[in-house]
Amino acid sequence: FGSSLEIPVMLLARPGAAVTVMRAVLVVWLFAATIGDADWSDTYWRSVLLEGDTPPEVEWYDVEWPTVAPFVPLDGPLLHVGVGTSTWPRATSNLDMIHTDLSDLPLSRLRAAQPSVRTQVEDVTKMSFPSGQFKAVVEKGTLDGVFMGGLRGAEAALAEIHRVLRPGGVLVSVTAYEGQTGPFISLDAWARCVWHDIGNARAGVRVCTKRLSPGEEL
């Protein structure tokens, strides 16, 4: 975990969070052991895609699109942050969705396989999209990966996702962190966040809804 090791330890002090955090830490550590620092730039993807023996499509947490789709308003517009080498673009080719990543290396591979797919290089902590553009933002392990680099980055990413969502829009996150832990330690800006058990020992789905107005009650 590098500089973020102290964060899961700190979160163990939260009431009822110990088991949840320890499970999440063990899951994310499996990824941390393979990449070292939380560097998801061209350096990481070059080693994975150009120098490693990586299949064309890899799913973090082994969660495919049909598991997530029931939680997503499919009439869009939709934003997928941290696409990597996911199968989700193939499964969502008929939807109004933009797929982003910090590096263009996985995006170029995606465009070669699916020329009609819409891609954009974006840093999830400081995106270029206008505020209120999307009806839903979907992600799988992206916030967990950012959290590996520290809480500040995870908070910035969550704030940016909140910003680009329309009022009443939803974040659909596949994450190892259940409860108000990990990248989701601060949820005050959201109307509600609901955890869904999807029968996966490594992760679940969290659906967070943006308030219709600043004063909307939980």
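Colleague: Hi! Is Asp62 buried or exposed?

Modeller: Asp62 is exposed, with a relative accessible area of 55%. Keep in mind that this is a predicted model.

Colleague: Thanks. Where is Asp62 found?

Modeller: Asp62 is in the loop between helix 3 (42–51) and helix 4. Its phi is near 55°, a positive value in a residue other than glycine. As background, most residues other than glycine have a negative phi.

Colleague: And what about peptide bonds, which residues does a cis one join?

Modeller: Gly76 and Pro77 are joined by a cis peptide bond, with omega about 0°. Pro77 lies in the loop between helix 4 and strand 1 (78–81). In general, most peptide bonds are trans.

Colleague: New topic: how many disulfides does the count come to?

Modeller: The count comes to 1 disulfide. Cys193 and Cys208 form a disulfide, and their sulfur atoms are 2.1 Å apart. Cys193 lies in strand 6 (residues 190–196) and Cys208 in strand 7 (residues 204–210), so the pair ties together parts that are 15 residues apart in sequence.

Colleague: What is a disulfide, in general?

Modeller: A disulfide is a covalent bond between the sulfur atoms of two cysteines.

Colleague: Why is the disulfide of Cys193 and Cys208 called right-handed?

Modeller: The torsion about the S-S bond of Cys193 and Cys208 is about 120°, so the disulfide is right-handed.

Colleague: Let's move to the rings. How many aromatic pairs are there?

Modeller: The count is 3 aromatic pairs. One of them is Trp65 with Trp88, an edge-to-face pair at 5.3 Å centre to centre, with 70° between the planes. Trp65 lies in helix 4 (residues 65–68) and Trp88 in helix 5 (residues 88–91), so this pair ties together parts that are 23 residues apart in sequence.

Colleague: What relative accessible area does Trp65 have, and what is the value for Trp88?

Modeller: Trp65 has 6% and is buried. Trp88 is buried as well, with a relative accessible area of 0%. Phe129 and Phe134 also form an aromatic pair, edge-to-face, with 5.1 Å centre to centre and 85° between the planes. Phe129 is buried at 6% relative accessible area, and Phe134 counts as buried at 1%.

Colleague: Back to Trp88: which residue has its charged end over that ring?

Modeller: That's Lys140, whose charged end sits over the ring of Trp88, 5.0 Å from its centre. Elsewhere, Arg206 lies over the face of Phe184, at 4.1 Å from the ring centre.

Colleague: Last stop, helix 6. Which residues are buried there?

Modeller: In helix 6 (residues 104–113), Pro106, Leu107 and Leu110 are buried. They cover an arc of only 100° around the axis, which puts them on the same side of helix 6.

Colleague: Nice. What caps the N-terminal end of helix 6?

Modeller: Ser103 does: one of its side-chain oxygens lies 3.1 Å from the backbone nitrogen of Leu105.

How values were computed:
Residues numbered from 1 in each chain as written. Predicted model: local features only at pLDDT ≥ 70, side-chain atom pairs only at ≥ 80, totals over all residues. Heavy atoms only, no water. Buried < 20%, exposed > 50% of the residue type's maximum accessible area, 1.4 Å probe, protein only. Helix = DSSP H or I, 4+ residues; strand = E, 2+ residues; numbered from the N terminus. Arc of directions from axis to C-beta. Polar contact = N/O pair within 3.5 Å; in protein donor to acceptor, adjacent residues only side chain to side chain. Disulfide = S-S within 2.5 Å. Phe/Tyr/Trp six-rings, centres within 6.5 Å; stacked < 30°, edge-to-face > 60°. Lys NZ or Arg CZ within 6 Å of the ring centre and 35° of its normal.
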